[in-house]
Amino acid sequence: MAHPVARAGFSWLMKRAREPRNRHESGQAVVETAIVMPLYVFLILGILQLSLMHQARLFTKFAAYKAARAGSIHNASVKAMEDAALAVLLPMVAESAGGGAEAIKPVAG
């Protein structure tokens with residue numbers, strides 16, 4: 001004698017899987033999702049924050065490298081070193097000057 005699934009076909013199995021086993025289990029998936037979803041969102045946002053921190057650290061190290069290089073080439077000219085560092089950090093310190101152009105904010109010192 002054949003198994004009930006083999007006799008009735010795959011549609012019987014799918015129909016059985018969609019029906020809740022009893023009325024107390026009908027909202028179980030919603031509750032589990034409500035518990036797990038914030039954890040996943042927290043994890044994803046934490047990874048994003050760590051990657052932004054890593055990018056900022058790399059930008060800073062590269063700006064220091066470029067400033068030191070400019071200083072060694074231009075006899076320790078502070079202006080040349082600041083210009084080299086700001087050229088690297090332009091995407092981080094730039095603000096829109098209107099019309100799509102970017103301008104460097106003056107450094108208060």
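The legends below describe close-up views of one predicted model.

**View 1. The whole chain, element by element.** This is a predicted model, where local features need pLDDT of at least 70, side-chain atom pairs count only at pLDDT 80 or more, and totals for chains, interfaces and linings use all residues. Residues are numbered from 1 along each chain as its sequence is written, and side-chain values use heavy atoms, without hydrogens and water. The chain has 4 helices and 2 strands. From the N terminus, the order is α-α-α-α-β-β. Helices (H or I, at least four residues) and strands (E, at least two) are DSSP runs, numbered from the N terminus. Of the 109 residues, 7% count as buried. Buried means under 20% relative accessible area, exposed over 50%, and partly exposed in between (1.4 Å probe, protein chains only). The accessible surface comes to about 9400 Å². Carbon and sulfur atoms make up 65% of that surface. Accessible areas come from the Shrake-Rupley method with a 1.4 Å probe; for residues, only the protein chains shown count as cover.

**View 2. Helix α3 from end to end.** Helix α3 covers residues 28–73, which is 46 residues. At 1.5 Å a residue, α3 should span 68 Å, and its end C-alpha atoms are 68 Å apart, so the two values agree. The expected span is 1.5 Å times one less than the number of residues. A kink of about 25° lies at Val36, shortly before the proline Pro38. The bend at a residue is the angle between axes fitted to the seven residues ending there and the seven starting there. Ala63, Ala67, Ala70 and Gly71 of α3 are buried. Asn75 follows α3 and has a positive phi, near 55°.

View 3. Which residues make the nonpolar surface patch of about 1000 Å²? They are Val31, Ile35, Val36, Met37, Tyr40, Val41, Leu43, Leu45, Ile47, Leu48 and Leu52. Patches use residues with over 30% relative accessible area and no salt bridge; like charges are joined within 9 Å, nonpolar side chains (Val, Leu, Ile, Met, Phe, Trp, Tyr) within 5 Å. Leu45 lies in helix α3. Leu45 is exposed, with a relative accessible area of 52%.

View 4. A search of the whole structure finds 1 salt bridge. The side chains of Lys79 and Asp83 meet there, at 3.3 Å from N to O. A salt bridge is a side-chain nitrogen of Lys or Arg within 4 Å of a carboxyl oxygen of Asp or Glu. Side chains of opposite charge can pair when their charged atoms come close. Both residues lie in helix α4 (residues 78–93), 4 residues apart, about one turn of the helix. Lys79 is exposed, at 54% relative accessible area. Asp83 is partly exposed, at 38%.
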